[in-house]
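Subject: Model for you to look at

Hi,

Here is the structure I promised to pass on. Have a look at it first, and my notes follow below.

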Amino acid sequence: MSKQTHAFQAEVAQLLHLVTHALYSNQEIFLRELVSNASDACDKLRFEALNNTALYEDAPDLQVRLSFDKAAKTLTITDNGIGMTAQEAIDHLGTIAKSGTKDFMSKLSGDQKSDAQLIGQFGVGFYSGFIVADKITVESRRAGAPAAEGVRWISGGTGDFEVEAIHRAERGTSVILHLREDALDYANTWKLKEIVGKYSDHISLPILMEKEEWKDGDLIDPSNEEAGRQPGGMVKTGEWDTINQASALWTRAKKDITDEQYADFYKQISRDFEAPLTWTHNRVEGSTEYTQLLYIPSKAPQDLWNRDKKAGIKLYVKRVFIMDDAEALMPSYLRFVKGVVDSADLPLNVSRELLQESRDVKAIREGNTRRVLSMLEDLAKHDKSPEATDGVTDVLSEEDKAKLGQYTQFYAEFGAVLKEGLGEDFGNKDRLAKLLRFASTTSDTALVSLADYKARMKEGQDAMYYITADTLAAAENSPQLEVFKKKGIEVLLMTDRVDEWALNFLHDFDGTPLQSVAKGAVDLGKLQDEAEKKATEEAAENFKPLLAKLKEALKDKAEDVRVTSRLVDSPACLVVTDDGMSMQLARMLKQAGQQAPESKPVLEVNPEHALVKKLDGSVHFHDLAHILFDQALLAEGGLPADPAAYVKRVNALLS
Ligand code: ADP
């Protein structure tokens with residue numbers, strides 16, 4: 001193949017510009033990214049070689065080598081991993097295959113620090129070389145391919161790149177960075193060692209650097225040896241030293257790993273720039289043996305809500321990397337957990353399909369789930385805001401102090417995903433229910449747990465009440481809450497999209513039923529005294545003729561019309577029948593383009609309200625009836641079926 005010039009895909013060119021500009025404040029990460037690519041390439045070789053040992057050629061020891069040439073101003077990262085064919089170099093280093101990239105571009109804020117974090121998450125690793133280089137040469141040969149099929153890729157990091165065929169005896173890839181004038185510092189043994197120690201210590205592959213030795217120069221005075229020699233400087237010796245620990249972090253004993261090392265490892269595997277919230281590291285023994293190192297991130301990723309998002313667990317079998325995103329190892333509602341599972345029992349050639357069926361995998365998934373739930377329970381147990389401890393935190397151990405508020409932080413980021421577990425993981429429903437937190441009419445700031453709620457239920461209260469709505473304001477101001485407010489009964493305010501669905505799976509908590517205040521007739525049971533009950537019954541009797549008229553007028557809109565004791569200030573509200581789907585859920589389904597069962601709500605009227613009292617005998621009865629209905633719909637966040645007709649009716653009455 002003679003030399004060819006290719007244009008970068010438009011996104012790459014744009015990205016390159018961003019990478020070189022936005023990441024400038026955190027230059028040194030380029031090395032982490034390139035070493036990580038080299039390590040991935042070795043993992044890939046090891047994996048392919050499971051079925052084809054010939055790929056190792058005659059160099060089975062996988063490694064990464066760093067070298068620099070001060071005079072030529074180059075820094076080279078070489079691996080003997082899988083390598084690339086010419087076509088792969090064109091495809092992988094010229095385009096961005098990842099679908100999330102466009103999304104990523106739109107999220108950049110212009111703020112260098114946060115943009116730098118985003119870039120890391122989206123995996124634009126190779127291009128980070130251009131932070132320190134104004135030209136990159138990549139030379140590579142695919143494992144198993146003849147030496148004549150090597151490739152050289154060169155680019156100045158702007159619009160295009162060149163590719164040509166070369167002869168390359170060694171398998172694998174060399175990335176040669178032609179350092180910018182202001183990045184010449186990186187051509188320095190100590191500097192490189194320091195960065196490797198910081199970011200790549202745990203890479204399970206040895207990272208080698210050529211040893212340097214101090215050499216004396218020429219004699220100062222050739223006629224007088226006593227006068228000594230000129231300083232000669234550092235000279236390469238031709239010997240190579242391993243500069244990282246080169247043992248997979250999770251294989252080391254817990255006591256030998258510092259928190260900082262755990263956090264660095266997390267950053268490496270998750271591409272997150274922030275430290276994790278917490279982690280758990282265990283060797284599990286028994287019928288299935290495996291090591292798990294699981295992290296909970298401190299911030300939700302951009303694509304948390306992507307239903308196709310894969311789990312964040314890397315699977316290793318006896319230290320050999322098998323696959324990323326092993327979704328079979330973690331239930332979908334814990335998809336935010338990142339980490340590594342290293343199994344001693346699975347076969348090395350395990351496929352995704354096989355994973356789905358394996359009993360060992362099932363045991364590992366259950367073990368992982370239990371561990372994550374324990375971690376969360378531990379955070380929740382210690383999650384006391386300083387107010388809750390009356391500001392007295394000095395009685396707590398250092399470890400507990402560090403956990404203050406962590407569960408709150410976790411829940412704000414991932415609580416909504418956790419709720420999916422109610423429908424997904426019946427076996428752990430009780431544990432999950434204890435981990436839930438909700439806004440409440442009783443607490444302005446802190447979220448409350450179901451246990452908190454239950455503990456302060458009123459004498460005679462036999463259900464835990466909740467309301468679902470699109471926003472907190474809509475929930476708080478819902479007419480359905482009026483009688484609960486009047487009687488000082490706490491109601492949980494649920495505003496996550498998933499609440500409605502998730503609550504379908506949670507009928508009670510610790511033996512006490514959960515009851516939506518917007519479903520069915522309100523039955524406050526013992527919370528209502530005899531006089532109140534009697535008044536409602538009497539009103540129902542007296543209002544019979546009026547209710548019949550209303551029912552007739554609204555027959556296309558309402559399933560039924562009845563009087564209620566749940567309202568105090570509002571004239572009317574809408575509720576669904578006990579087994580009906582809440583109106584909020586029906587609206588959500590419709591918005592998502594799905595079919596919602598057509599069920600009409602029940603209109604409940606407040607017999608004490610002046611407007612309702614005035615209805616009977618009014619010449620505007622028909623209009624008032626419709627206004628009553630449409631206003632009830634508006635009050636709970638819905639829209640009248642015919643907004644123009646509603647406005648017309650109101651205006652007619654106003655004038
Ligand atoms: P990512 O590593 O997240 O896929 P990069 O931009 O870092 O993104 O790399 C793009 C692709 O280029 C990689 O997926 C891989 O296929 C290829 N690549 C990069 N570096 C190497 C290497 N040292 N050896 C083999 N392939 C590589």
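Let me start with a hairpin: strand 10 and strand 11 have five residues between them, and within this hairpin Gly286 takes a positive phi near 135°. Bear in mind throughout that this is a predicted model.

If you want a pair to click on, Trp279 has Tyr295 of strand 11 as its bridge partner. Strand 11 has another partner too: with strand 14 (residues 338-343) the pairing is antiparallel over six bridges, and there Thr291 sits opposite Asp342.

How many of the residues of strand 11 are buried? Seven of seven, over residues 290-296, so to speak a mostly covered strand. In a regular strand, side chains alternate between the two faces of the sheet. You can follow this along strand 11: Tyr290, Gln292, Leu294 and Ile296 point one way, Thr291, Leu293 and Tyr295 point the other way, and all are buried.

Next, a single residue that I kept coming back to. Ser440 belongs to strand 15 (residues 437-440). Is Ser440 buried or exposed? The cut-off for buried is under 20% relative accessible area, and Ser440 counts as buried because its relative accessibility is 3%. What does its side chain meet in the way of polar partners? One of them is the side chain of Glu490, in a polar contact at 2.5 Å. A polar atom of the Ser440 side chain also lies 2.9 Å from the backbone nitrogen of Thr442. Beyond neighbours within four places in sequence, Ser440 is in contact with Val448, Arg456, Glu490, Val491, Leu492 and Leu493.

The order is 21-23-22 and the pairing is mixed. The edges are strand 21 (560-563) and strand 22 (572-575), each of which pairs on one side only. On average, neighbouring strands of this sheet are turned by 25° against each other, direction ignored. Strand 21 pairs with strand 23 (residues 602-605) in the parallel sense, over four bridges, and Val563 stands opposite Val605 of strand 23. Helix 21 packs on this sheet, where it touches strand 22 and strand 23, and its direction makes about 65° with that of strand 22.

Helix 21 (residues 621-635) also packs against helix 18 (residues 544-553), at an angle of about 80° and with the axes 10 Å apart. Angles of 65 to 115 degrees count as roughly perpendicular, and that makes helix 18 roughly perpendicular to helix 21. On the helix 18 side the contact is made by Leu546, Lys549, Leu550 and Ala553, which meet Phe621, His622, Ala625 and His626 of helix 21. Sorted by class, this contact has five nonpolar, two polar and one charged residues.

Finally, the overall picture. The protein chain comes to 22 helices and 23 strands, and buried residues make up 49% of its 655 residues. Taking contacts between residues at least 6 apart in sequence, 72% join residues at least 24 apart.

Cheers

Technical notes: Residues numbered from 1 in each chain as written. Predicted model: local features only at pLDDT ≥ 70, side-chain atom pairs only at ≥ 80, totals over all residues. Heavy atoms only, no water. Axes fitted to C-alpha atoms, helices over the stretch in contact; angles between N-to-C directions. Helix = DSSP H or I, 4+ residues; strand = E, 2+ residues; numbered from the N terminus. Parallel < 35°, antiparallel > 145°, perpendicular 65-115°, else oblique. Contact = heavy atoms within 4.5 Å. Nonpolar A, V, L, I, M, F, W, Y, C, P; charged D, E, K, R; others polar. Pairing = 2+ DSSP bridges. Buried < 20%, exposed > 50% of the residue type's maximum accessible area, 1.4 Å probe, protein only. Polar contact = N/O pair within 3.5 Å; in protein donor to acceptor, adjacent residues only side chain to side chain.
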